[in-house]
Amino acid sequence: SESPLGTFWQTPMFLCVCVSELEVRQQRGGLLQGTLLLTVSDPQEPGLGSGGATLNALLVAAEHLSARAGYTVSDSTQYGRDFPWDSCGRAFCWLPVEKPAQTVQGPVCCLDMLLDCLSNQVCPGSPPGVWVCSTDMILTMPTTFKMSWEGFSGVRVLALPGDVSYAANHGVYFADEQGRVRDIIYKGSEERIRRAAQPDGMVPLVSGPVFFCRRVLERLLKAHVTPPLDGCTYMGMDSGAPPIQVCSLHLYFSFLILIFFTSLCACHSPFHLLAGCSSPISQQGAVVRSARALLWRILRGTTLHMVYVPGGCYDYLTLSGREHIGRLTKKGTERDTLSHIQVPYWQWRSVIKCVLKTFISLCPRKLGCCMTFDLFSQGPVDVHSGCLLSGLEVTSSSHIQQLALTNDHIIQGHHIQLGEMKITVYTVLGVSCDDDGATFLNHRWSDLYSRTGIQPEDLWGSGRSQSLMEARLFPVFQPRGGAVGLEVGVCWLLGGPGALEQWRAVWRLSLREVLSLTDQEGELRWREALFFQVGRRRVMDNLKSQSDRGLLPSFRAAVLGGQHEELLCTLDSIAAGSGENLGVAARCLACIADVLACLAGEGRGGLRSGPAANPAWSHAFSILEQGDLLGGVQALATERAKWLSRPDLLVRAARHYEAAGQVLLRQAVMLSQRFIYIGQGEVPPLGEWQDVECPARLDLSGGWSDTPPIAFEHGGVVVNVAVKVDGRRPIGARARRIKEPRLLLVSSSGVQDDAIAMETVCERLEDLKDHCVPYAPAALLKAVCVCSGLVTYPSRQSLDEQLLQRWGGGVEIHTWSLLPHGSGLGTSSILAGAVLAAVYRCTGRTYDTDSLIHAVLHLEQMLTTGGGWQDQVGGLVGGVKVARSKACLPLRVEVERLPLSDDFLLSLQQHLLLVYTGKTRLARNLLQDTVRRWYSRVPSIVENAGQLVDNAEECARACTEGSLPRLGACLERYWGQKKVMAPGCEPAAVRTMMDALRPLALGQTLAGAGGGGFLYLLTRQPQQGEAVRQVLNNTQVSIYRQMAIY
């Protein structure tokens, strides 16, 4: 059904471990919450075969699901077979694959890939029923493939393509044009296999997943009380039924073959199949034949359908070491090596499940490539082509240097349990080794005998099969010395130091014994610890290298795994050591805020945005403000420890860490002060006004890419244009020196008749203490007085002393803006530039436009309002221009005025319209949320940042080449990009306006960050003001009463 995918295992091995691993996947989102997880053991040993085990598992699942009807169940069988390349078997074999869309990071195993494939591509839409599949293969399907279930009933199998040579060692389905299976052939001849070829030239492999609909299941369930099939189930055995003790009820060659024949033979049973060439001639053979006859009667009339998946890939995990290494290193798969070093994928070797602490150097050789690395800082090790090292720990690092490795060797560490003793055993094999007794370390056994003196009787006792799996090669324990390491066994077997007598004196195990004694829980626990250790190292690498990789999945995994304390300590260490790059330190503090929010829990503890000025944190903030990064980080961590007990406290602590990050971000951006060049010229007479008027700005493309930290971590490009509003420059300032040693600050807003003016007088230095509080009276003008060097704060000199000494009196400053609050036209930044210019002029100082742009950037950091650099560029530089900043600190803005033709400028004036929406824009919350998401490297934000820059460059080309349609297309893309950066920036009323205006427009967007303010559009026809007004008047939205068109 479409209910959550319930999963249960049928396997006799470590059932509790299976459940715990599934629960971890459920916590990480790999399985839906509420899914029923079961592990089901075979009711007797040896196993029943996959068919009998399925029948038993079906009974157990039916009991558990009786109160939870409608669940789909996946039965993963064939788990317990020997797999020498992973102690936990095929299902939990780690793969170098990473799910790009995962919200909680976790290592990817075969099981995870299978669950992902079934859950997202195969199962959705299926009717109620049971999926049965093994976990000994990897299925890969095209992303576009979706299973169709309309009108389906019966049994369905999934078939993936394979070539004829591959199919010769596997099973193949033969199906008619309607998809009905007509035969199943296992290891058939090439001539026979070719008859099953599909239109793409490939043949449909027996690929694992089988679906039984509810009607078939109900009939199968009747068998659990009918002899002899009741011997397959625990209930039958508990009721005294004799067990079926041979592995003859195979899923494919008992169940599916019978279904196939029942669809052909409606009346008569296929006696040749019921006998079965593999059925033993004994009493048990008769029981098996009787069981198959019963299945024939139960399944008669059932149809077996095949679904072929063109472009898919079926990869069975064989015992071949060469294939296993190839699987870990092959091309065409998104990989995560789970190690500190990054190895080019085309080189055929792998180092997994160990932490490497320095980078590698690569040197080509005749027969492959050698990887030289420093393992645990102990010295170089050569790992040759085709080699795999897995499960090695720090304690073995000194002996790894002594390994006489050549090509194609596999060395593994296995966690085993002998009684109460838990130890690590090391094995070494060649990639060409097989189990037929022919070779060891890719050479004949006779080579080992002559090189080491080992004799066959040392390896195999009397009556033991002389196979590689049974050879007691690997030392485990010295009777008087305890557990042994690499040096006694692996090193010596490879030709290193050691002696035959020493090897003979220790207890040894065969590979099969090592696998059977595996401490599954200990192995999985060790892997989990390693996963988190590697995760912390990855976090460190990504932060230090300023990577755009998102770290939230790692943070969530650490929190779910109880590893948050170690992660927080790692982040503290990175932040404290990033004094040379304050941008990295700021991101670290933002990451700590993310971890704290994860600890609080999704949707718990309150909103992430909120006040962050609790006095308990003021000491740590003051240390950071003084430039003591190490001391500030330590003080933050000390205070943090007091806020971890409740979700609300955790969220409040996260807010304060974000605020601390903003302190460092401001300090990083203030490094741009070095690009401010102010000279001294002739001072104007006392009382002479210096007037500055500025246009507003319209951002045509690239906004948000200019916002720190995006501007210096990714790089920014913005195209904007300076515009008059209603024929006037709407933003201005004037300043003059006055006789009285004081600061007279007057700001007004609105048109002359309705202007509102506010006057502030500063006569003491203390009156400037709130110059960095953005909502304080006259905060912008006070910040200009400090930032411009008009006065120094703090200072031992009084305000009047400074003013008289420097300027011979006080200064009077007036500002005005004809634009409404929250217009989105860059008013505050442009006004800051105008005031700075007026103050510089009235005090006789000289400047250039670049210095003024960076002075505004510095001022806004002092004022703690943040924001980007494009606003002042738009209002302080005339015309249409493109401005850029590189991905580095210090942040430097470079402006280029675009050479536009007179015809294009005229056309732009005739087609560009401004519409005031009447809705106030609140940029601060938008800014805070966007910066948070950038610091978290939300994938959509990272991708969109690149698209913003690309669109801005295209916009510059469109303007230069005089193309209004291309410019309109850029505006449309730009509005979509703004909505990605700041979800919620499009109010419903504004959306209605834009929809109504779309037929008239080549492109349109809200100015600035969005959320309200001015809308501007590039119309298809010139002089469309009246047409726009008419369209909006015909659209019923309440805010249109305040609407204005320019």
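Let me start with a definition: two strands pair if DSSP finds at least two bridges between them.

Hi everyone, here is the chain. This is a predicted model, so to speak of local features we need pLDDT of at least 70, side-chain atom pairs count only at pLDDT 80 or more, and totals for chains, interfaces and linings use all residues. Residues are numbered from 1 along each chain as its sequence is written, and side-chain values use heavy atoms, with hydrogens and water left out.

First, the whole chain. The chain has 36 helices and 40 strands. Of its 1046 residues, 58% are buried, where buried means under 20% relative accessible area, exposed means over 50%, and partly exposed lies in between (1.4 Å probe, protein chains only). Contact means heavy atoms within 4.5 Å. Among contacts between residues at least 6 apart in sequence, 70% join residues at least 24 apart.

Now back to pairing. Strand β37 (residues 912-916) and strand β39 (residues 1014-1019) pair in the antiparallel sense over 5 bridges.

Next, a hairpin. Strand β19 (residues 409-418) is mostly covered, with 8 of its 10 residues buried. What joins β19 to strand β20 (residues 421-430)? There are 10 bridges, and the two strands run antiparallel. Q417 has K422 in β20 as its bridge partner. The hairpin has 2 residues between the strands, and G419 takes a positive phi near 65° there. β19 is also joined to strand β18 (residues 388-390), by 3 bridges, and these two run parallel. Here L388 stands opposite I410 in β19. As a reminder, strands of a sheet pair through backbone hydrogen bonds, either parallel or antiparallel.

There is also an open sheet of 3 strands, in the order β24-β23-β25, with antiparallel pairing. β24 and β25 (507-510) stand at the edges, each with a single partner strand, so one side of each is left without a neighbour in the sheet. Between strand β23 (residues 472-478) and β24 there are 2 bridges, and F477 has A483 in β24 as its bridge partner. Is G489 buried or exposed? G489 is buried, with a relative accessible area of 2%. G489 and F474 are 15 residues apart in sequence and 5.9 Å apart in space, C-alpha to C-alpha.

Last stop: helices. Helix α18 (residues 520-544) and α19 pack at an angle of about 145°, with their axes 11 Å apart. F531, F532 and V539 in α18 meet S554, F555, A557 and A558 in α19. By class, that contact has 6 nonpolar, 1 polar and no charged residues. Here Ala, Val, Leu, Ile, Met, Phe, Trp, Tyr, Cys and Pro count as nonpolar, Asp, Glu, Lys and Arg as charged, and the others, Gly among them, as polar.

The axes of α19 (residues 552-560) and helix α21 (residues 582-600) come within 9 Å and cross at roughly 45°. The contact is made by L552, F555, R556 and V559 of α19 and C591, D594, V595, C598 and L599 of α21. This contact has 7 nonpolar, no polar and 2 charged residues.

Finally, H564 is in helix α20 (residues 564-576). Leaving out residues up to four places away in sequence, H564 touches A558, V559, V595 and L599. H564 and F532 are 32 residues apart in sequence and 10.0 Å apart in space, C-alpha to C-alpha.

Notes
Axes are lines fitted to C-alpha atoms, for helices over the stretch in contact, and angles run from 0 to 180 degrees between N-to-C directions. Helices (H or I, at least four residues) and strands (E, at least two) are DSSP runs, numbered from the N terminus.
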